Amino acid sequence: MDVKDIIKEENLVYSKTKLLTDNIMHYCPGCTHGVVHKVLAEVIDELGLQEKTIGVAPVGCSVLAYNYIDIDWHEAAHGRAPALATAINRLYPDKYVFTYQGDGDLASIGTAEIIHACNRGENILVIFINNGIYGMTGGQMAPTTLIDMPTSTTPYGRKTEFNGHPLKITDIIAQLPGTCYVTRQSGHAPAAVRKLKKAITKAFENTGKKKGTSFIEVVSTCNSGWKLSPVKANEWMVEHMFPFYPLGDLKDE
Amino acid sequence: MAKVRGAIVVDVEKCKGCGLCVVACPSKVIELAREVNAKGYNYAYMANPEACTGCVNCALVCPDTVITVYRVKTEAEA
Amino acid sequence: MAELRLMKGNEAIAEAAIRCGCDGYFGYPITPQSEVLETLMARKPWEETGMVVLQAESEIAAINMVYGGAGCGKKVMTSSSSPGISLKQEGITYIAGAELPCLIVNVVRGGPGLGTIQPAQSDYFQAVKGGGHGDYKLIVLAPASVQEMYDYVDLGFELAFKYRNPVMILSDGIIGQMMEKVQIGPYKPRMTDEEIVAKYGSWATTGKTPNRQRNIITSLDLDPNRQEQFNLKLQCKYKEIEEKEVRFEKIACDDAEYLLVAYGSSSRICQKVVDLAREKEIKVGLLRPITLFPYPTKAIQAMLGHLKGILAVEMSTGQMVEDVRLAVEGKVAVEHYGRMGGAIPTPQDVLKALEEKIIKG
């Protein structure tokens with residue numbers, strides 16, 4: 001059978017969701033953001049929630065997330081997305097509000113906002129991209145940077161006596177009674193992407209049931225910041241990030 | 001006996017040549033082209049189309065969502 | 001039916017918010033304005049009008065809640081006092097940069113730093129000249145009575161939505177804490193989503209519907225030409241505000257040879273100074289700016305023909321006086337008199353300063 005006989009509309013099994021815009025993403029080749037954006041757009045589309053979803057974009061590489069998913073977006077100040085989402089959720093309790101934040105945004109400058117939004121149990125979804133580095137500003141140390149991991153501000157590696165310890169903020173979030181679902185996922189391999197999609201779907205369903213805060217950490221790569229190829233970055237993540245940030249549900253109530 | 005055949009279409013100009021699809025493919029269908037697209041990326045293509053089963057793995061891991069996947073059940077060919 | 005009530009300035013802010021159809025208040029306790037949040041929590045407006053009230057984890061969170069709420073087209077506000085307003089500057093510049101309407105109340109206390117919990121007027125520069133980063137302006141209203149604290153909440157929201165610009169009520173600890181009778185207005189219903197769209201257009205993040213493009217609220221544009229054009233657009237808006245929205249009050253100005261310029265609490269003190277001076281047959285008038293941006297520059301300029309000197313009276317080391325000097329352009333003497341750190345000038349102090357700095361000078 002010839003390839004051109006296979007490529008027919010009736011044989012289509014996977015194509016870009018219409019909720020992803022046609023804009024070419026500004027992310028580096030191989031960046032996990034693209035995978036998470038895609039899965040998020042697919043879930044919103046499949047659940048039919050385009051008209052009810054409001055996204056809150058962060059500061060960081062995904063500051064321009066609003067260019068890629070065809071929903072209403074509000075771009076927040078660095079770390080403050082959970083505060084914006086709190087207000088939107090309170091003023092529009094029937095909408096589906098999510099924040100999309102990186103590790104510097106969520107676990108450093110925005111620590112207070114995320115802890116208190118989760119502790120209040122705001123009926124929102126938080127997507128937390130943890131790649132252990134500040135990508136947008138050029139590869140500086142993040143709160144989640146691993147011990148001995150080199151960054152542009154820890155060129156000889158992160159040292160605990162000097163820089164403190166990598167912050168497992170998701171473990172802290174899971175302790176908060178306001179959260180209903182706390183999970184750590186990834187998007188490096190097909191099975192991981194499928195699990196990520198299930199997690200995001202469950203989180204949106206939780207919002208619909210008004211169960212409180214759903215929090216999804218996505219252990220991610222920043223191959224440019226890590227100075228590795230996309231494929232090597234995934235391998236490095238599996239070898240180094242997963243042992244410290246193990247995948248799986250921390251809480252599912 | 002029924003056999004599953006697949007095919008992918010890569011949006012060549014949007015592909016950034018990251019190569020994540022190459023390692024995700026269980027049938028070693030995909031390679032990066034020697035040629036580059038307008039942005040200078042060695043884009044992904046089906047180097048070994050007969051082996052494609054349309055499993056969608058490449059499309060799942062593609063960060064730029066440039067892969068469309070087709071699948072069809074056929075009778076086994078000699 | 002008009003109703004008279006005795007209330008604190010801070011309570012008047014809360015009552016006015018509920019009655020003018022405010023959708024959300026997000027605040028954080030700080031002296032001397034905590035009664036705003038306390039009054040709202042006691043009044044439980046969510047049962048009455050559906051208004052959301054939330055105590056945030058910080059002033060920073062509170063202003064960013066306002067940013068989020070304003071983005072979805074709602075009438076939202078916050079209040080604080082000087083150190084808290086400093087923390088809110090980040091959110092305020094984003095709100096200005098995203099062109100969103102909101103109301104911010106500053107019940108000013110003395111600074112710098114923790115300063116004092118006593119009243120002052122030392123946040124003029126911060127309120128009028130920017131405060132946060134970037135080229136932006138707030139519309140700044142300066143109430144001089146508890147009644148005006150009440151009235152300017154509604155006025156502030158009107159102006160905020162008319163120009164899609166943050167509005168600040170620049171009050172101080174005297175007006176926040178003192179009690180006066182206030183004429184309370186009737187309830188204005190909160191606007192429905194449809195009314196918001198009909199009145200202001202569809203720019204808010206209310207969920208993308210098939211009949212429009214997605215709405216994006218952001219202050220970011222990485223293209224230098226577009227960002228410059230946006231800045232020019234903002235400046236056009238501020239110019240329009242300067243042309244249309246100047247508000248001030250003139251007292252005994254028609255024959256005045258000497259002019260006092262004072263806003264808020266200082267203007268109340270200066271009213272008494274006018275009386276004392278007139279008893280001594282010194283022809284003194286008072287110009288009270290109600291809007292600090294836009295500033296009543298032309299009103300001052302129009303009086304220069306019959307003025308021999310101007311004294312700007314502020315509870316600061318002299319901030320607004322710079323705008324008086326800009327208006328006067330060196331044509332008559334302009335001096336400043338002020339007390340700081342929570343000290344309040346007496347009418348006698350001001351009259352003495354007028355005589356020594358302007359009349360004898």
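This is a predicted model: local features need pLDDT of at least 70, side-chain atom pairs count only at pLDDT 80 or more; totals for chains, interfaces and linings use all residues.
**View 1. The contact between chain A and chain B.** Chain A gives 34 residues and chain B gives 35 (contact: heavy atoms within 4.5 Å). About 2800 Å² is buried between them, with 67% from carbon and sulfur atoms. Buried area is the accessible area (1.4 Å probe) lost by two parts on being put together, summed over both. A:M1, A:I6 and A:Y14 supply 22% of what chain A buries against chain B, more than any other three residues.

**View 2. Polar contacts between chain A and chain B.** Eleven residue pairs are in polar contact, both residues at pLDDT 80 or more. A polar contact is a pair of N or O atoms within 3.5 Å, one able to donate a hydrogen and the other to accept it; residues adjacent in sequence count only if both atoms are side-chain atoms.

View 3. Pairing requires at least two DSSP bridges. A:Y14 stands opposite B:V69 in β4(B).

**View 4. The fold of chain B.** Its elements run β-α-β-β-α-β from the N terminus. Helices (H or I, at least four residues) and strands (E, at least two) are DSSP runs, numbered from the N terminus. The C-alpha atoms fill a box of roughly 45 × 20 × 20 Å along the principal axes.

Residues are numbered from 1 along each chain as its sequence is written, and chains are lettered from A in the order written. Local features need pLDDT of at least 70, side-chain atom pairs count only at pLDDT 80 or more, totals for chains, interfaces and linings use all residues, and side-chain values use heavy atoms, without hydrogens and water.
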